[in-house]
Amino acid sequence: MERKKPLDYYVEYFPGEKWNETKGTMYRHMECKRCGQMSKCSEDTTAVTCSDCVQEIMNNAHGGPEAYGKQSTGRPRGWKWMQVFVDKDGTVFHRGIEQPELKGTLPISTIKDKGNRLSKKEKEKIKQEAGSRLFKLKKQYTGLRWKKDKKVIEKYIKYESRIISGKFPRKFNSNEYYEKKY
Ligand SMILES: [Zn+2]
């Protein structure tokens, strides 16, 4: 009998539990050479690439996840790390792993967070600040004599009013906002 070389990768046997496996039979698994997750393989396999990595390599070959996965799926950033994510067609994922038996049983995940990433609390704080600014600006405005000066203040008033009504500009940056002085 031919002597086998020691393996480079970790191997473990797990009992079959999937629908296409025989209960009570032990199946050989090997760590993925790329990410290390255990993946079923045949008895003579010496190295294995798991299906996740194969998928990722394919995606990269098509222009990277930015160009491929993200835009074609329309899923939000980080959906793979969410405890539960329900795709538009009702497919349920638990931390990025499809749960076919749960398809259509949960409400579709809403994708928020498209514009600014402010929390409700931060928004309230900024709205308060805008309120006190608006008060000052209006006072300033009534004291002005020249139309051109008034125009400038009008612009600020318009901006702060939008903030108060919750209409934050797309590229709103709270640090820049607080630094702004009139
Ligand atoms: Zn892998």
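Me: In which sense do β4 and strand β5 pair, and over how many bridges?

Reply: In this predicted model, β4 and strand β5, which covers residues 92-94, pair in the antiparallel sense over 2 bridges.

Me: How should I read the site of the zinc ion, and which protein donors does it have?

Reply: As a general idea, the ideal angle at a metal with four tetrahedral donors is 109.5 degrees. Here the protein donors are the SG atoms of C32, C35, C50 and C53, lying 2.2 to 2.4 Å from the zinc ion, and the angles among these 4 donor atoms run from 107 to 113°, so that the site is tetrahedral. In sequence the donor residues follow the spacing C-x2-C-x14-C-x2-C.

Me: Is C32 buried or exposed, and what about C35?

Reply: C32 has a relative accessible area of 3% and is buried, whereas C35, with a relative accessible area of 44%, is partly exposed.

Me: How do I read helix α3, and which of its residues are buried?

Reply: An α-helix has 3.6 residues a turn, so residues three or four places apart point the same way. In α3 the buried residues are I126, A130, R133, L134 and L137, and what covers them includes α4 (147-164) and α5 (174-179).

Me: What span should the 23 residues of helix α3 have?

Reply: At 1.5 Å a residue, helix α3 (residues 120-142) should span 33 Å, and its end C-alpha atoms are 33 Å apart, which agrees.

Technical notes
Residues numbered from 1 in each chain as written. Predicted model: local features only at pLDDT ≥ 70, side-chain atom pairs only at ≥ 80, totals over all residues. Heavy atoms only, no water. Donors = N, O, S within 2.8 Å, 3.2 Å for Na, K, Ca; no water. Tetrahedral: all angles 85-135°; square planar, octahedral: opposite > 155°, others 65-115°. Buried < 20%, exposed > 50% of the residue type's maximum accessible area, 1.4 Å probe, protein only. Pairing = 2+ DSSP bridges. Helix = DSSP H or I, 4+ residues; strand = E, 2+ residues; numbered from the N terminus. Expected span 1.5 Å × (residues − 1). Contact = heavy atoms within 4.5 Å.
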